Amino acid sequence: MRFNLWRRARSVENEYLKSLYILCNIFRKIAESSGNDQQKYIQRMNNFQNSYQYEKFIMSTVKRMVTPLSVDNMRTWRQAARKSTKGKFLYRVLMEELDQGIGQVINNQVISNASLIRTLPNDVAQKVTKNIAEEALKGERARSIEQIIRQETDKHSRASARLIARTEVSKTQSALTQARSEQLDLRWYVWRTALDGDRVRKSHRLMEGVLVNWKDPPAPEELAGEKSAGHYHAGNIYNCRCYPEPLLDIDDVKWPHKVYQNGQIISMGKRQFEQIM
């Protein structure tokens with residue numbers, strides 16, 4: 001059974017990206033006002049990064065992303081419980097116990113995202129000045145330093161914004177799902193991909209439909225014979241559109257089924273899986 005309810009919230013991601021694009025516009029204005037003076041550009045980006053206004057903007061932006069995700073995640077749990085084979089029991093437990101301890105998870109996500117955005121001005125400035133140095137070494141004269149600062153600031157800041165929006169919304173959603181799963185003692189989830197062919201990376205296509213234990217994250221790249229990117233859960237790596245679908249009941253999947261265990265994906269029957277649950 002596939003519950004598309006668990007897909008990442010694109011509307012929240014889009015709103016988060018809009019807020020980050022506001023920062024990109026500010027970075028562009030700093031670049032434009034700096035002319036061809038690299039030191040002035042670096043200093044102004046650094047001053048903005050350390051300003052009270054920037055810190056206030058960061059916290060407001062991140063909270064506006066994390067809070068609706070938490071609300072949506074709770075709503076998804078309720079809807080999934082109604083569809084589950086043991087929905088009445090699960091729904092009752094959700095109403096009685098679910099919100100206990102979630103506050104800390106939400107706070108951790110706010111802190112994590114704020115830390116990521118906090119260094120963005122300096123990160124962008126470093127990439128821009130590196131581009132200037134590389135063009136100078138190549139003897140490039142086509143663009144002036146002023147053009148490079150302006151154009152590269154816009155390019156790097158927008159690329160960073162898109163990466164942050166997609167990655168962090170997905171990671172936050174997965175963290176909330178995991179926390180609520182563990183509170184309910186639901187130890188397994190189904191790894192789900194976006195199911196849009198070649199747009200899904202090979203290592204993640206391999207994970208589609210696989211049962212994974214929250215205590216044992218897989219290393220998808222290793223399983224696909226690629227360079228390892230470490231062990232992680234669905235939605236918890238850069239640019240990942242995958243998501244975890246909690247296994248609410250053993251009869252919510254068809255048997256035999258693919259299961260990740262001991263560093264490999266194997267096919268298991270229902271009785272065999274019950275022994276390791």
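**Ground rules.** I count helices (H or I, at least four residues) and strands (E, at least two) as DSSP runs, numbered from the N terminus. This is a predicted model, where I take local features at pLDDT of at least 70 and side-chain atom pairs at pLDDT 80 or more, while totals for chains, interfaces and linings use all residues. Residues are numbered from 1 along each chain as its sequence is written, and side-chain values use heavy atoms, with hydrogens and water left out.

**Entry: the whole chain.** I started with the secondary structure, which comes to 10 helices and 5 strands. Then I looked up burial: 47% of the 277 residues in the chain are buried. My scale is buried for under 20% relative accessible area, exposed for over 50%, and partly exposed in between (1.4 Å probe, protein chains only). The chain exposes about 14,100 Å², and carbon and sulfur atoms supply 48% of that area. Accessible areas come from the Shrake-Rupley method with a 1.4 Å probe; for residues, only the protein chains shown count as cover. I also checked contacts (heavy atoms within 4.5 Å). Of those with a separation of 6 or more, 73% are between residues 24 or more positions apart.

Entry: Rolling a probe the size of a water molecule over the atoms shows where empty space is left. My search ran on a 1 Å grid over the protein atoms alone: a cavity is a set of points where a 1.4 Å probe fits but cannot get out, and a pocket is an open set with protein on both sides within 12 Å along at least five of seven lines. Lining residues have an atom within 4 Å of a point. Grid points are joined across faces, edges and corners, and a volume is the space filled by probe spheres set on the points.

The largest pocket has a volume of about 190 Å³. Which helix gives the most to its lining? I found that H7 does, with 6 residues. Helix H6 (120-137) and helix H7 (145-183) each supply at least two lining residues. I noted Asp123, Lys127, Glu168, Lys171 and Tyr238 among the residues that line this pocket. By type the lining divides into 5 nonpolar, 3 polar and 4 charged.

**Entry: cysteines.** How many disulfides are there? The count comes to 0, taking a disulfide as a pair of cysteine sulfur atoms within 2.5 Å. I looked at Cys242, whose sulfur is 3.7 Å from the closest cysteine sulfur, in Cys240, so it is too far for a bond. Cys242 lies in the loop between helix H9 (220-223) and S3. It is buried, at 4% relative accessibility. Leaving out residues up to four places away in sequence, Cys242 touches Ser170, Trp191, Arg192, Thr193, His204, Ala234 and Gly235. Cys242 is also 9.8 Å from Lys171, C-alpha to C-alpha, across 71 residues of sequence; Lys171 is one of the pocket-lining residues. Cys24 is buried too, at 1% relative accessibility.

**Entry: helix H1.** Ile22 sits in helix H1 (residues 10-33), and Asn25 is in helix H1 as well. Ile22 is partly exposed at 42% relative accessibility, and Asn25 is partly exposed at 29%. For Asn25 and Thr153, the figures are 128 residues and 9.7 Å.

**Entry: the S3–S4 loop.** Ile250 lies in the loop between strand S3 (243-246) and strand S4 (257-261). Is Ile250 buried or exposed? It is buried, with a relative accessible area of 12%. Not counting residues up to four places away in sequence, Ile250 touches Trp255, Lys270, Phe273, Glu274 and Met277. Glu274 is 24 residues from Ile250 in sequence, with 8.2 Å between their C-alpha atoms. Pro256 is in this loop too, and the peptide bond from Trp255 to Pro256 is cis, with omega near 0 degrees.

Entry: Most residues other than glycine have a negative phi, and most peptide bonds are trans. I noted Asp185, with a positive phi near 60 degrees, in the loop between H7 and strand S1 (188-192). Asn262 has a positive phi near 55 degrees and is found in the loop between S4 and strand S5 (264-268). Asn262 is exposed, at 66% relative accessibility.

How values were computed. Nonpolar A, V, L, I, M, F, W, Y, C, P; charged D, E, K, R; others polar.
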